Amino acid sequence: MALGWKLHGDGKTMGPDDVVAPDERLSWGKTIGLGAQHVVAMFGATFVFPLIMGLNPQLAIMMSGIATICFLLIVNGKVPSYLGTSASFVGAVAAIRAQGGTSQEVTGAILVAGVVLALVGVAIHFLGSSVLHKVLPPVVTGAVVMLIGFNLAPVVANIYWPQDQWVALLVMAFTIICAVAFKGFISRIAVFLALIFGYVVSWLFDKVFGQITSFDAGAGKVTTHFRTNFDNLASQPWFGLPPSTTTGADGKEIVGIHAPSFTIAAILLVLPAVIALIAENTGHVKAVAEMTKADLDPYMGRAIAADGVGTALASSVGGSPTTTYAENIGVMAATRVYSTAAYYVAAAVAIVFGLSPKFGALVASVPGGVLGGITVVLYGMIGLLGAKIWKENGVDFGNPINLVPVAAGIVIGIGNVSLVFTSDFSLGGIALGTIVAVVAFHAACAIAPADLRNRADGVVGGTMISLGEKEGDYGDADGVDDLYQDRPGGPDRRRP
């Protein structure tokens, strides 16, 4: 089912409780609209993180589309996900550059990390996902999903929201209203509508109130500027590859397409990010499985390997590392449309946009306040999916084995706590939070009394309980309604 989809109903209308499965699609018009929404959801981070790492954002956009298509083919269309730029490498890349490392050394180290991740995925595929179930039971996977989602909060708080707090607030409110007050397709494209709304509001604010003094992501400092700026858009060509890496008149590197180079020092700094990517991909696949009520365990290894392939492929031409995107899982949670057709559309749009310097200029013109209002909703939804995994699996937080280890891991992950080993190497954020949650949970199981171990999450009578296989599992097909409060008058769909 990598290609080819069944039409969901008539393809045009959807009831409030309808769910579009990965092997289904709506009409192509609506699918294109949903694909565009996925592009909107991913391009903020996919564009910003390359800038932070000193890599080319236009190239990152293009390669994200290519990597996504490779991912969908490798998982045979069973795991709807988009591969955008990974933030897990930002710290390591900063350390490499602090040591005088070049972009070639950065992408070479990332390529090696991608190969390692792919090999880990292959091993998991052949050894079976039971290995992951033993290492990552529901209490841990819920924690990983939660800290991954909430770890993105500083991106909103420090990058997007401060650029224009009032526009961000209005866009956030508009997104919430569209998502909950309307039925049908309007509520399902709330994010895309919020982007348009935010553009219009920003343009009107420029006309009425004039310039704003705030943090400018492009300048990297507080400046006085208009919220919308299209000056660079007209001068850019419609079509063209990113240029090759060159040196500007000021002596600074202008990064573009380039071949990577390899140094042991850079590779050792980047390899710990593989830990975060394994946890991130596992958490994302678990989240998608929860939403779709599908058994995706047989595809866990494929998904991890596919992300490794995407990262290696992108970095081989000088692009950015990739990962399955929580932002797009948030879009699926809001729309309950899991069709992989929408992701192929999103990938195609990304490739086309990545081949257009004019698109790069357009993306750069998106007001930060607009992204702040959108991402504050999407990132929060991912964090709540972690809580949903706990709820669906009946995790007992009265048991200290479940409570104490993951509590520490979540705070470390959300707070970006770092553990510094040397001046050149540290673990922090998602990677450290995940390690603490996983290792501390199993250490707690090893030293706790037998009665507590028997009641620990994921182990009942010595048998592993995988997601969706427990007593009292919900019967709703989408697995998303329970993320929110039940609708008034809604049927009780729990199984007897």
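Is Trp-390 buried or exposed? I looked up its relative accessibility, which is 12%, so Trp-390 counts as buried. The cut-off I needed for this is that buried means under 20%. I note that the model is a predicted one.

Entry on aromatic pairs. I searched the whole structure and found three aromatic pairs. One of them joins Phe-205 and Phe-209, with 5.2 Å from centre to centre and 90° between the planes. This pair is edge-to-face. I then checked where the two residues sit: both Phe-205 and Phe-209 lie in helix 10, which covers residues 190–209. They are four residues apart, about one turn of the helix. For Phe-209 I read a relative accessible area of 56%, and because exposed means over 50%, Phe-209 is exposed.

Trp-390 again, now with its partner. The ring centres of Trp-390 and Phe-397 are 4.8 Å apart and the planes stand at 75°. Planes over 60 degrees apart count as edge-to-face, so I put Trp-390 and Phe-397 down as an edge-to-face pair. Phe-397 has 28% relative accessibility and therefore counts as partly exposed, whereas Trp-390 counts as buried.

Entry on Asn-76. Where does Asn-76 lie? I found Asn-76 in the loop between helix 2 (57–74) and strand 3 (83–85). I looked up its backbone angle next: phi of Asn-76 is near 60°, a positive value, and the residue is not a glycine. The relative accessibility of Asn-76 is 26%, so I wrote Asn-76 down as partly exposed.

Notes: Residues are numbered from 1 along each chain as its sequence is written. This is a predicted model: local features need pLDDT of at least 70, side-chain atom pairs count only at pLDDT 80 or more; totals for chains, interfaces and linings use all residues. Side-chain values use heavy atoms; hydrogens and water are left out. Buried means under 20% relative accessible area, exposed over 50%, partly exposed in between (1.4 Å probe, protein chains only). Rings of Phe, Tyr and Trp (its six-membered ring) pair if their centres lie within 6.5 Å; planes under 30 degrees apart count as stacked, over 60 as edge-to-face and the rest as tilted.
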